[in-house]
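Please read the numbered points with the sequence and the model in view.

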Amino acid sequence: MENNVTDWYKKQRESAMWDMLFSCVLEVLVVFAVILLITPFFETLNTFWYGFFLILLPMYIFSEAASALGKLRRAVLAHEAELSAVPISTLCDKPIFHQWQCLSVAAGLLTVLPALGCATLYYLSSKSIVVMVVLGILMGIAIFIGSAMLFERYAIRLVAGTLQQARAPKQLDEAKSIDFLITYHFLPWLVFTTLVFGLLMSKYYLGYVADAGEVSLSSVAVYSFISVSFVGFWSCHTVLESIKADMKLQPMVLSGVGKFSYSDLVGMILGAGSIPWLLFFVIGFFVPVLSSGFWLTTIAAVIIIYAVLLGVGGACLLAFSQSQKQVSAEVCSQ
Amino acid sequence: MHPMIKSAIGLLITLIVVVFWLSGYDRKAVEINNEDSALYGSLVLPKRDGHTPLPVLIFVHGDGPISSGSYGYYAPLWQALADAGVASLSWDKQGVGGSDGHWLEQTMTERAQQLSAAIDWVAQQPNLDSQRIGVIGFSQAGWVLPQVLAKDERLKYAIMVSTAVNWQQQGHYQTVQRLKSVGQEGEELTQNLDYNTALDALLKQKVPYTQYKQFVTQSAPQSYGSQSMTKERYEFVINNMHVDASSALMQVKQPVLALFGDSDAVVDVQNSISTYQNTLLGPYQYKVYEDANHALFKNDYFSGISKDSIWFGVKMNWLGSEGFTEGFIDDVLSWVTNHTQLTNGGGSTNGE
């Protein structure tokens, strides 16, 4: 039996490593390239680059590790029957029960090291475009190493914790359900998404203002709608499967939530996305243009927070609705 | 540890070495105070230890929202200068990157004040030699450099790249070239040039922006092709269109090297050459490169690519010094080293 677990874990570990490698290098390169190609391109606005290395790199390490651990958690759930006879005590002494428990002060301090390394390298480099591209790849590799090491440290403990939860699921009351969803799904992604997309949008706005002298409120309205839609769907996609797994492992209560389908989700995000659009359109009658970097950055950050709230909220509603449907189906079949 | 992590660590170390290998010079972020505002820029230093103060070449941008490195355009020059032991200084235009204000709110006189502030800043740096300061200006800098050269003897020499003398004459030349490049001739060309003359006359009167917009909407021939300016650009133009470098050039005593491309569709090269010849007091040398455009890029590589496009930036950065016309970097380097007495004792130059 132990050999079965070992083989199963080896397979999961291997797949997680490749997933993390592709995800780290490609995702980071895409974000890096977008920042690079937004005027003033790779030059100046050094604060953006220091922000990118010092803040985003540690956050990326945790987000990639949490995503990989989340996938492992779902894999445990999917192969629960196969692993039902495994004694949890043989796996580890200190199980963890959620992927975001990889976030700790000690791990946080360790992730600051590659961040400082990349920032120092940037400081010492000639900052030409070729150097920046190499730095982008280097950052992706550093994130892979960091997240892979976190994965290695917490994977077995999470397998044990997930098995323990799956064998004796504990129902959470409504207050605890909301608390859990906010702590483990909304807050981590809110911080990550606001910083990543906020950084992109504020750099875009600042570059735009430098080029044209101002941004019209009608443009801000359009960009806000696009931001809300994109970030909303992205956040929802990122957390949905993980929330579904949590709702299986810890049945939750969200009173007042009825049926909620994929089309409701699309309607909700697009519909809510049109609110800032309308708002800026109306404000545009009084303040037709903006040139203040402070206000544009604030708008970008607020819009991203709103989008994450929508995306994660939508994912919670959809996951809960689907879990209720499943419960009803199970009751009917009995 | 998983073998993939071990391999990744190996790759990481290799990439760190590559970054150092590719970084042929040190580029430091600097802040220059100019009256009440701050200019953020780059000081490029050779990668070598040394206690001798370095000669420095100050870069002055052309038109547009340009960052300190001009998006990679200066990189080949910076590399060549750093290899020769010369520092380079450049800054983000106002509103670009970290610099305060907005570049469209500037007059050429204000740009000249910024150059003076940069010279003051250089003079305060212990690692830079205030006795060996030169300046290189591109395109629009042709209305900036002469103002400072005329009154600041700390500038020892100048290099003018694709610079013009009179704003309105340059604007007219550029319009003619633009219209001819799309095949216009005869009556159509005359009609468009008449419209352009009327537009210039209107701009000279500094009419309100709404009146300008109304004129463009009502009077611009379909074939004129150019869109109306934004309010900010319009104000920039009416505040600067009176500039003419001639009077300042007549007071310039420092050696000047003027470089042009024979396919320049922006600046009337012959007009600039002859004006410089007739006005400059000091040694003057010029060169016109064959098959080179306004930015002194090789026509073969950049004809048909819009300078605003990202493709232009990617290609320029990819080609590096290869993208420049043959001899441009060598000529700049030779002028700088001669006038900073780095190689052959700073021999004086004669007009060509």
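1. In the second largest pocket, the lining is made up of 9 nonpolar, 9 polar and 6 charged residues. The model is a predicted one, and the pocket holds about 500 Å³ of space. Its lining comprises 24 residues, and those nearest the centre are A:Glu27, A:Ser67, A:Lys71, A:Trp189 and A:Thr238.

2. Which elements supply the lining of the second largest pocket? At least two residues each come from helix H1 (2–37), helix H2 (46–78), helix H6 (174–212) and H7 of chain A. The most is given by H2(A), with 8 residues.

3. One of the residues nearest the centre of that pocket, A:Lys71, also takes part in a salt bridge with A:Asp19, with 3.5 Å between the closest N and O atoms. This pair joins distant parts of the chain, since A:Asp19 belongs to helix H1 of chain A and A:Lys71 to helix H2 of chain A, 52 residues apart. A:Asp19 has a relative accessible area of 35% and is therefore classed as partly exposed. A:Lys71, with a relative accessible area of 44%, is likewise partly exposed.

4. How many salt bridges does the structure hold over all chains? The total is 13. Among them is a pair in chain B, where the side chains of B:Lys47 and B:Asp26 meet at 2.9 Å, N to O. Here too distant parts of the chain are linked: B:Lys47 is in the loop between strand E2 (37–46) and strand E3 (54–60) of chain B, B:Asp26 is in strand E1 (residues 25–34) of chain B, and the two are 21 residues apart.

5. Are the two partners of that pair buried or exposed, in whole or in part? B:Lys47 is partly exposed, with a relative accessible area of 40%. B:Asp26 has a relative accessible area of 17%, and because buried means under 20%, B:Asp26 counts as buried.

6. A further salt bridge brings together the side chains of B:Asp331 and B:Lys287, at 2.8 Å from N to O. The pair links distant parts of the chain, with B:Asp331 in helix H13 (residues 328–339) of chain B and B:Lys287 in strand E8 (residues 284–289) of chain B, 44 residues apart. B:Lys287 is partly exposed, at a relative accessible area of 32%. Elsewhere, B:Asp120, B:Asp152 and B:Arg154 are joined into one network by salt bridges that share partners.

7. The surface of chain A carries a nonpolar patch of about 1,100 Å², whose members include A:Val222, A:Ile226, A:Trp277, A:Phe281 and A:Phe286. Helix H7 (217–249) and helix H8 (262–286) of chain A are the elements that give two or more residues to this patch. The most comes from H8(A), with 8 residues. A:Val222 lies in helix H7 of chain A, and its relative accessibility of 39% is why A:Val222 counts as partly exposed.

Technical notes:
Residues are numbered from 1 along each chain as its sequence is written. Chains are lettered from A and ligands numbered from 1 in the order in which they are written. This is a predicted model: local features need pLDDT of at least 70, side-chain atom pairs count only at pLDDT 80 or more; totals for chains, interfaces and linings use all residues. Side-chain values use heavy atoms; hydrogens and water are left out. Patches are made of residues with over 30% relative accessible area and no salt bridge: like charges are joined within 9 Å, nonpolar side chains (Val, Leu, Ile, Met, Phe, Trp, Tyr) within 5 Å. Accessible areas come from the Shrake-Rupley method with a 1.4 Å probe; for residues, only the protein chains shown count as cover. A salt bridge is a side-chain nitrogen of Lys or Arg within 4 Å of a carboxyl oxygen of Asp or Glu. Helices (H or I, at least four residues) and strands (E, at least two) are DSSP runs, numbered from the N terminus. Buried means under 20% relative accessible area, exposed over 50%, partly exposed in between (1.4 Å probe, protein chains only). On a 1 Å grid over the protein atoms alone, a cavity is a set of points where a 1.4 Å probe fits but cannot get out, and a pocket is an open set with protein on both sides within 12 Å along at least five of seven lines; lining residues have an atom within 4 Å of a point. Grid points are joined across faces, edges and corners, and a volume is the space filled by probe spheres set on the points. Ala, Val, Leu, Ile, Met, Phe, Trp, Tyr, Cys and Pro count as nonpolar, Asp, Glu, Lys and Arg as charged, and the others, Gly among them, as polar.
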